[in-house]
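Hello,

Here is the structure I said I would pass on. Please look through it first; my notes follow below.

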Amino acid sequence: MKRTRSVRTTLAVAFALGLTGCVYLGGPMPQPGIKTPHDGLSTKSKTQLLDETLQRVNDVAQLVVGTFLDTHERPFDPTNAEQRDAWSWLSCDNKATTGQYNVNVRQLAEPPSEFDPDALSAKVRAYWEGLGHRVRQTGPAAQDTEGHRSIIVDLPHSASVSFSANTKILGISASGECIKWD
């Protein structure tokens, strides 16, 4: 049990680090792969931004089905007050003058079952395209036995939502819009 938890924790940390991208050394911090310039700050409240960010994650979680876990190994529940208070508020820039919510959840395959990363990525891609979003694949599809796939949608004010899948783990990550740090 302890070894399983250690392996799951290691996978979760590695997965989260893989989704965060590289460090940006100046100006507003774009999300990994954003091709457009920073488009200013959002005027929404932190509560509105948290609601929207959690909704984006929940929409994908409901589409994919299954139990997604937060970083504390709890089932993801966007209405849970304790979970809502625990989501990360991160800097959008190096000077920490702006901030955004960052929500990451994951689902592990229970052996001997495995996920179908191609089918799940196609399902999420079709959903996002149906909403009118431009979906990008971040990197080529892996050719290893786990078949890692990762897709992302860039949203206004440096917000984004991404979905990653392989045969062993699924992940959803969303960054809310950037607002002035108060």
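Which backbone nitrogen lies 2.6 Å from a polar atom of the side chain of asparagine 166? That of lysine 168.

Some ground rules before the rest. This is a predicted model, in which local features need pLDDT of at least 70 and side-chain atom pairs count only at pLDDT 80 or more, while totals for chains, interfaces and linings use all residues. Residues are numbered from 1 along each chain as its sequence is written, and side-chain values use heavy atoms, with hydrogens and water left out.

Asparagine 166

This residue sits in the loop that joins strand S5 (160-165) to strand S6 (169-175). Helices (H or I, at least four residues) and strands (E, at least two) are DSSP runs, numbered from the N terminus. Leaving aside residues up to four places away in sequence, asparagine 166 touches Phe115, Pro117, Glu146, Gly147 and His148 (contact means heavy atoms within 4.5 Å). Asparagine 166 counts as buried because its relative accessibility is 8% (buried is under 20% relative accessible area, exposed over 50%, partly exposed in between, with a 1.4 Å probe and protein chains only).

Helices H2 and H4

Asp59, Val60, Leu63 and Val64 in H2 meet Leu120, Lys123, Val124, Tyr127 and Trp128 in H4. The residues of this contact divide into 7 nonpolar, no polar and 2 charged (Ala, Val, Leu, Ile, Met, Phe, Trp, Tyr, Cys and Pro count as nonpolar, Asp, Glu, Lys and Arg as charged, and the others, Gly among them, as polar).

Backbone exceptions

Most residues other than glycine have a negative phi, and most peptide bonds are trans. Glutamate 73 is not a glycine, yet its phi is positive, about 70°. It lies in the loop between H2 and helix H3 (81-86) and is partly exposed, with a relative accessible area of 32%. Histidine 157 also has a positive phi, near 60°, and its place is in the loop between strand S4 (149-154) and S5. The peptide bond from proline 111 to proline 112 is cis, with omega near 10°. Proline 112 is in the loop between strand S2 (98-108) and H4.

Regards

Methods:
Polar contact = N/O pair within 3.5 Å; in protein donor to acceptor, adjacent residues only side chain to side chain.
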